[in-house]
Amino acid sequence: MFPVTGTPALVLAVVFGAAFGWLLHRGKVLDYDVIINQFRLRDFTVLKVMLTAIVVGGVGVLVLVHLGAAKFHLRDANMLGTIVGAAIFGVGMVLYGYCPGTGLAATATGKVHALVGAIGMLFGAMLYAASFDWVSKHVLAVWKLGKVTLADVTGLPYFALLVLLAAGAVALFTAVEKSALERQ
């Protein structure tokens with residue numbers, strides 16, 4: 001059954017990509033106003049969709065790894081690179097009104113403003129590729145923890161971390177909904 005390669009893998013990629021885009025659309029995270037209102041702390045749809053996706057994806061990966069259908073491929077935990085990248089990502093998302101996935105999905109729905117941002121993402125990727133040697137020496141080499149996971153750092157098993165993440169997500173969803181009801 002595993003691994004799927006060649007043409008079947010390409011077909012699955014298209015099917016899962018289309019399903020992902022459809023779910024983003026159904027989750028209303030292709031709407032510029034929904035994303036901007038997340039940053040304005042007025043609409044928490046993006047938070048709910050992302051946390052749900054992280055928990056479900058985490059469970060899926062854990063199941064696949066335990067079934068032997070997938071393996072963890074760890075990369076170095078470069079903390080400065082993560083912080084700088086997250087800051088650039090956050091500023092870009094606020095200015096663009098989309099993250100890369102929602103931006104491309106919005107482009108697929110025909111939103112011209114999303115296409116302009118998608119072209120900007122391509123230029124950003126080219127700039128990163130062109131400057132990678134410098135970034136590698138001056139950013140990625142700083143505060144480098146090596147190939148570690150959160151489970152390694154905390155000593156908690158993956159399953160326990162997923163349970164804690166899911167519980168935290170439910171608590172956050174409950175608090176957000178309660179806050180929204182109080183504002184009405």
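A nonpolar core is a set of buried Ala, Val, Leu, Ile, Met, Phe, Trp, Tyr and Cys residues joined through side-chain atoms within 4.5 Å, where buried means under 20% relative accessible area, exposed over 50%, and partly exposed in between, with a 1.4 Å probe and protein chains only. The model on your screen is predicted, and local features in it need pLDDT of at least 70, side-chain atom pairs count only at pLDDT 80 or more, and totals for chains, interfaces and linings use all residues. Residues are numbered from 1 along each chain as its sequence is written, and side-chain values use heavy atoms, with hydrogens and water left out.

**The whole chain**

Begin with the protein chain in cartoon view, where the secondary structure comes to 9 helices and 0 strands; helices (H or I, at least four residues) and strands (E, at least two) are DSSP runs, numbered from the N terminus. The C-alpha atoms fill a box of roughly 45 × 40 × 40 Å along the principal axes, and buried residues make up 22% of the 184 residues.

**The largest nonpolar core**

Next select Leu-24, Ile-35, Val-46, Met-93, Tyr-96, Tyr-98 and Ala-114, which, of the 14 residues in the largest nonpolar core, touch the most other members. At least two residues of this core come from each of helix H2 (32-39), helix H4 (79-96), helix H5 (100-108) and helix H6 (112-130). Centre the view on Met-93, which, leaving aside its neighbours within four places in sequence, is in contact with Ile-35, Phe-39, Val-46, Tyr-98 and Cys-99, contact meaning heavy atoms within 4.5 Å.

**Aromatic rings**

Now show Tyr-32, Tyr-96 and Tyr-98, which form one aromatic cluster. Rings of Phe, Tyr and Trp (its six-membered ring) pair if their centres lie within 6.5 Å, and planes under 30 degrees apart count as stacked, over 60 as edge-to-face and the rest as tilted. The whole structure holds 4 aromatic pairs. One of them joins Tyr-128 and Phe-132 edge-to-face, at 5.7 Å centre to centre and with 75° between the planes. Tyr-128 is partly exposed, with a relative accessible area of 42%, and Phe-132 is also partly exposed, at 32%.

**Helix H9**

Finally select residues 158-183, the 26 residues of helix H9, which at 1.5 Å a residue should span 38 Å, in agreement with end C-alpha atoms that are 37 Å apart; the expected span is 1.5 Å times one less than the number of residues. Colour Leu-161, Leu-162, Ala-169 and Val-176, the buried residues of H9, and then display helix H3 (45-67) and helix H8 (150-154), which are among the elements that cover them.
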